[in-house]
Amino acid sequence: MTVTPRWRKLLGHAVLVALSFMFALPFAWLVTTSLQPDAERSRLVPAFVPGPQSFGDAVERATGKHLVYQPTLQQYEKGLTRVPVLMFVRNTLLVCVLTVIGTIVSSALVAYGFSILRWRGRDTIFFIMLATMMLPGQVTMIPVFTIWRDLGAVDTFAPLIVPAYLGNAFFIFLFRQFFLTIPKELIEAARMDGAGEFHIWARIVMPLSLPAIATVGLFSFLGAWNDFLNPLIYLADQTKYTLSLGLAMFRTQYGSEYGQMMAVATLMVVPIIILFFFAQKTFIQGIKTSGLKG
Amino acid sequence: MKASHERRLGLLFISPFLIGFTLFTIYPVVASLYYSFCDYDVLSAPQFVGLENFREMLVDDRFAKGLWNTLVFTVFAVPVTMLTALVLAFLLNMKLRGQALYRTIFFLPSIVPIIASSVLWLWLLNSDYGLINACLRPIMVFLNSALGLHLEPPGWLTHPDYAKPALIMMAAWGVGGNMILYLAALGDVPQQLYEAAELDGAGAWARARHVTLPMISPVLFFTLVMGLIGSFQYFSQPLVMWPGGAPGDSALFYALYLFQNAFLYLRMGYASAQAWLLFIVIVATTILVFRSTRRFVYYAGEGV
């Protein structure tokens, strides 16, 4: 094992700290803008650090500079009354929860058919499925739109939710890889006991696949939470908007109200960051697996 | 169990996929191929026009603009993001104290919803009040007085020359996913290889060049292909940042113009033709990258 020389360690730390600042500063800017009163942003050099008035005055006396501002929730109050953000949150959560349930159940069922069950033609169909993952969404976008229009489902949540119940190629792949690691003896033993395949799927394979379920659940949730294109195409009535569409609308209509816009953006970002801290391992593992398919 | 029974059972389990695949892949692929030879405004039935849509692409200035912008963006954004991710991964792989914290900070931007990050960068890039110019201003004041220059912080969002650099900067902020992949690949390089190389007298640079890079080349290759494909389809960020279009169409990208044709101008036939061209370009690029990098990508356990 080679020992890293001290000067290289120090240099490494210096570079890492500098880069960390560059990567973290936009977040600080996001939150700080959302907490500033309007008067603060009209200054040429707005203060960056939130703190009580007395502390700000002390700093100003000591340094002669205006560095501390008094945080307020005014931007959140105004932003949340200007557009119905809470309704957007509710719509987004509805779509997310139904998408996650549908994706897990359908993708895991299909993956069972592609891994545990053996039948002629299985691997050919599986290969075709993998090959179509290359197809850019733009090719199917327009005919899929006409399908939903003909079904009278434009401006409903159906186009955002129903496809999740028909399996997702990438998540099917992910489940399949996981199912292949389950010992065959377990499944054979259950079959000897006369258990049906659906029973084996539900009672043996799924309970053993919690890590895969967590990964698929997390990434399908993230996909639905972040989705912008589908809401943009299918949702027209403002009462059905999701958060991403609501935020985009906010930008179009009140694009100069940066404080309020940052308040709404913070509400969209914070849940994801909290989720990350709870599910860090699943996140990292999921990214690695997604890279493995290449 | 009989083979036919097993097969029926298998098909039953994969039936959700078969339904979805027929409805949302096979039918749309065939339909959009047909639309690409049609005039189609969604309201009336498609009218067959032969190669008219493809001919129009040759003379459409905005199409050419979108194509050019996409090429420029790809040529810069893909290497910049890969290099950024690689540098971050190398630094994290030094396994210094606090590595987990650094990793979290570098990773977080990549999971911020695109809409939220676009809106945030709109504010960061604001030429008068944005953070980026607030950082650049003192540097430029210093350079101006020291060297007698007349630099000014750019209008990132208002000047056609700066839209794409701004978007590339934004892309470099969100490379966390690739960084994780590179970091994992670096961790998988067998330690003995480094030791052997060191015994042979290889310095740090030689070890990186002849051990590390070949060993992580499959991941580099994978992220290159995915990066290219993603870059060809790039569209959400400019759409949110410039709802009315960037100055001089400087942020009009291929997929954005395609989307405008489909859902703004209701020229679904023209948009379908563009989608098919995009598909062909993606397949061709993937094959080309496969062929041209075969020499450089090393798969451990292959042949030998």
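Visitor: What does chain A average in pLDDT?
Guide: This is a predicted model, and chain A averages a pLDDT of 92, with 97% of the residues at 70 or above.

Visitor: Which element of chain A has the lowest mean pLDDT?
Guide: That's helix 16 of chain A, residues 280-292, with a mean of 80. At the other end, helix 8 of chain A (residues 158-161) has the highest, 98.

Visitor: OK, helix 11 of chain A. Which of its residues are buried?
Guide: Glu197(A), Ile200(A), Trp201(A) and Val205(A). Looking down the axis, those buried residues fall within an arc of 100°, so they line one face of helix 11 of chain A.

Visitor: And which exposed residues sit on the face turned away from them?
Guide: Arg203(A) and Pro207(A).

Visitor: What covers the buried residues of that helix?
Guide: The cover for helix 11 of chain A includes helix 5, helix 9 and helix 10 of chain A, plus helix 1 (3-13) of chain B.

Visitor: Switching to helix 14 of chain A: how far does it reach?
Guide: Its twelve residues, 243-254, reach 15 Å from first C-alpha to last, close to the expected 16 Å.

Visitor: Which residues are buried there?
Guide: Among them are Leu243(A), Leu247(A), Phe250(A) and Arg251(A).

Note on methods: Residues numbered from 1 in each chain as written. Chains lettered and ligands numbered in written order. Predicted model: local features only at pLDDT ≥ 70, side-chain atom pairs only at ≥ 80, totals over all residues. pLDDT = per-residue confidence, 0-100. Helix = DSSP H or I, 4+ residues; strand = E, 2+ residues; numbered from the N terminus. Buried ≥ 20, exposed ≤ 12 C-beta atoms within 10 Å, placed from the backbone. Arc of directions from axis to C-beta. Contact = placed C-beta atoms within 7 Å. Expected span 1.5 Å × (residues − 1).
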